[in-house]
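Hi everyone, thanks for making time. Let me put the sequence and the structure up, and then I'll walk you through a few spots in it.

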Amino acid sequence: MLDVSPIENADAAVASLDPIRSRLLAELAVPNSATALGHRLGLPRQKVNYHLRTLEEHGLIELAEERKKGNVIERVMRATASSYVITPAALSSVQPDPSRSPDRLSAGWMLALAARLVRDVGALITAAARQSKPLATFALDGEIRFASAADRAAFAEELSNAALELVSRYHDESAVRGRDYRLVLAIHPSTKPPSTTQED
């Protein structure tokens, strides 16, 4: 089971947002059957089965085991992840694009940048899971209190200069087997198609 799984398909996103299905996903962090889930949620088994089939069709839950109870085979299901994130790819025609208004001081640009980060890392997680390969990433997270707006502006300038200095020191356009990474004070493999054979 993944810690976090991206939901990139619009139909899967709609399925996951249904209140009953959302509750079932939470319950299925621990494998369970439709009958037991029906008792927990106060719903008929048939209704639970209907919702479980929908979640299974979209890859949000999977079969954990089958148990024989008398003449009946009971399916025990589990969620494919502990939690889920709906990525902007689910709204492909209206997903944010930071290149449309590249203003580093704009909150809208930052939100579009964050949306792209969620979309790209979601796609990378999906691809890595399919190939059973680890995904090399790094993120920096912290808090800072500024005494003034001038200090904040000075910090942003110094941070930009430091990042650019590091990028210029380590970026190697001539590395034939190199791999591109994106930096948003977080690094992850680029989702651009590789132009040459690259290694992780």
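**A walk through the model**

Let's begin with Gln95, which sits in the loop between β5 (81-86) and α5 (107-131). A quick word on those labels: helices (H or I, at least four residues) and strands (E, at least two) are DSSP runs, numbered from the N terminus. And before I go on, this is a predicted model, where local features need pLDDT of at least 70 and side-chain atom pairs count only at pLDDT 80 or more, while totals for chains, interfaces and linings use all residues. Residues are numbered from 1 along each chain as its sequence is written, and side-chain values use heavy atoms, with hydrogens and water left out.

So, is Gln95 buried or exposed? Gln95 is buried, because its relative accessible area is 18%, and buried means under 20%, exposed over 50% and partly exposed in between, using a 1.4 Å probe and protein chains only. What does Gln95 touch? Leaving aside residues up to four places away in sequence, Gln95 touches Pro88, Ala89, Arg100 and Arg119, where contact means heavy atoms within 4.5 Å. With Arg119 there is a polar contact of 3.4 Å, side chain to side chain. By that I mean a pair of N or O atoms within 3.5 Å; within protein, one must be able to donate a hydrogen and the other to accept it, and residues adjacent in sequence count only if both atoms are side-chain atoms. A polar atom of the Gln95 side chain also lies 3.4 Å from the backbone oxygen of Ser92.

Staying with α5, Thr126 is found in that helix. Thr126 is buried too, because its relative accessible area is 18%. Its side chain joins that of Glu8 in a polar contact of 3.1 Å, and Thr126 touches Pro6 as well as Glu8, again not counting residues up to four places away.

Now to the largest nonpolar core, which has 17 residues. A nonpolar core here is a set of buried Ala, Val, Leu, Ile, Met, Phe, Trp, Tyr and Cys residues joined through side-chain atoms within 4.5 Å. The residues with the most contacts inside this core include Leu24, Leu52 and Ile61. Two or more residues each come from α1 (10-17), α2 (19-27), α3 (34-41), α4 (45-57) and β4 (72-79). Look at Ile61: beyond four places in sequence, its neighbours include Leu25, Leu28, Leu55 and Met77.

How do α2 and α4 meet? Their axes come within 10 Å and cross at roughly 80°; axes are lines fitted to C-alpha atoms, for helices over the stretch in contact, with angles from 0 to 180 degrees between N-to-C directions. On α2 the contact is made by Ile20, Arg21, Leu24 and Leu25, and on α4 the residues include Val48, Tyr50 and Leu52.

Last stop, some loops. Ser132, between α5 and β6 (138-139), has a positive phi of about 50° although it is not a glycine. Ser132 is exposed, because its relative accessible area is 67%. Leu185 lies in the loop between β7 (181-183) and β8 (186-189), and Leu185 also has a positive phi of about 50° without being a glycine. Leu185 is partly exposed, with a relative accessible area of 41%. Finally, Asp172, in the loop between α6 (149-170) and β7, makes a side-chain polar contact of 2.6 Å with the side chain of Ser174.
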